Amino acid sequence: MNKIAVWGFAWVPPFAQGLVRDLRVRWALEEAGLSYESRWVGIEERGSDAYRRKHPFGLVPVLESDAGALIESGAIVYAIAEHCEALMPHDQRAKTLAWMFAALNTVELPVWNLFVIDLLHQDEAWAKLRRPGAVEEVKVRLSALSEWLGDRDYLLDGFTAADILMTTALRFIRHTDLLAEFPRLDAYVQRCEARPAFQAALRNQMADYAHNVPVAT
Ligand SMILES: N[C@@H](CCC(=O)N[C@@H](CS)C(=O)NCC(=O)O)C(=O)O
């Protein structure tokens, strides 16, 4: 994979900074030692014909390379992991893939649901009614995940692409203290976020936000 470019949003509001899903793509590229350039789309441009030729749903991330364009953060991280034995060891391929799906389908769904309730619809009556159930659904997943982790440092024998997806999924509830209720899980997220590759990815994602703040009208 050569001539890699990652598309993210030029700016997002502070509550979303450090959460946009191009972060996981940048992180995987940093772990794999693949260099890349950043491309930015304005939130208001995401539905334009030009951008929707890159992403049919007008979302980020998109990864462009000499191999073509890819959408869906999970698929992109998988494609990167195929170029990096450490991110998807050949003898743990199926397990890594299973935990990548677990991160995206089993954990991210309830976690994202709570993010939407708390940060996008917090003032609406339905959100207040729905929230306790949504918190319970998250806790059920966090509890099981914490049990699985036990004394492990990572989801599998070593750090893999699955940890990238799991950590970035769990970041969607950083506005709550739910993770702190599960100290092993909390430590796991901190361990993953302490990796130099994560720190570099976060710096790269956030670098231009300060210059792109929308001008108030
Ligand atoms: N399943 C997609 C979700 C992509 C997605 O929802 N991206 C968000 C940013 S994290 C987005 O572009 N939101 C803009 C919108 O909803 O219009 C993926 O993992 O790539």
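**From one residue to the whole fold**

Ala69 is exposed, because its relative accessible area of 52% is over the 50% cut-off for that class. The model in which this residue is seen is a predicted one. Ala69 belongs to strand S4, which covers residues 68-71. Apart from neighbours within four places in sequence, the residues in contact with Ala69 are Val62, Leu63 and Glu64.

The view may now be widened to the protein as a whole. Its secondary structure consists of eight helices and four strands. Read from the N terminus, these elements follow the order β-α-β-α-β-β-α-α-α-α-α-α. The radius of gyration of the protein is 17 Å, close to the 17 Å given by the globule rule for 217 residues, so the protein is as compact as a globular protein of that length. The C-alpha trace spans about 50 × 45 × 30 Å along its principal axes.

The contacts within the protein can be described by their separation in sequence. Among contacts with a separation of 6 or more, 72% are between residues 24 or more positions apart.

Of the 217 residues, 47% count as buried. The accessible surface of the protein amounts to about 10900 Å², and carbon and sulfur atoms account for 54% of this area. As for charge, the protein carries 23 positive and 29 negative side chains. The centres of these two sets lie 2 Å apart.

Methods. Residues numbered from 1 in each chain as written. Predicted model: local features only at pLDDT ≥ 70, side-chain atom pairs only at ≥ 80, totals over all residues. Heavy atoms only, no water. Helix = DSSP H or I, 4+ residues; strand = E, 2+ residues; numbered from the N terminus. Rg over C-alpha atoms; globule rule 2.2 N^0.38 Å. Buried < 20%, exposed > 50% of the residue type's maximum accessible area, 1.4 Å probe, protein only. Contact = heavy atoms within 4.5 Å. Areas by Shrake-Rupley, 256 points an atom, 1.4 Å probe, with all protein chains shown as cover. Lys, Arg positive; Asp, Glu negative; His and termini not counted. Charge placed at Lys NZ, Arg CZ, Asp CG, Glu CD.
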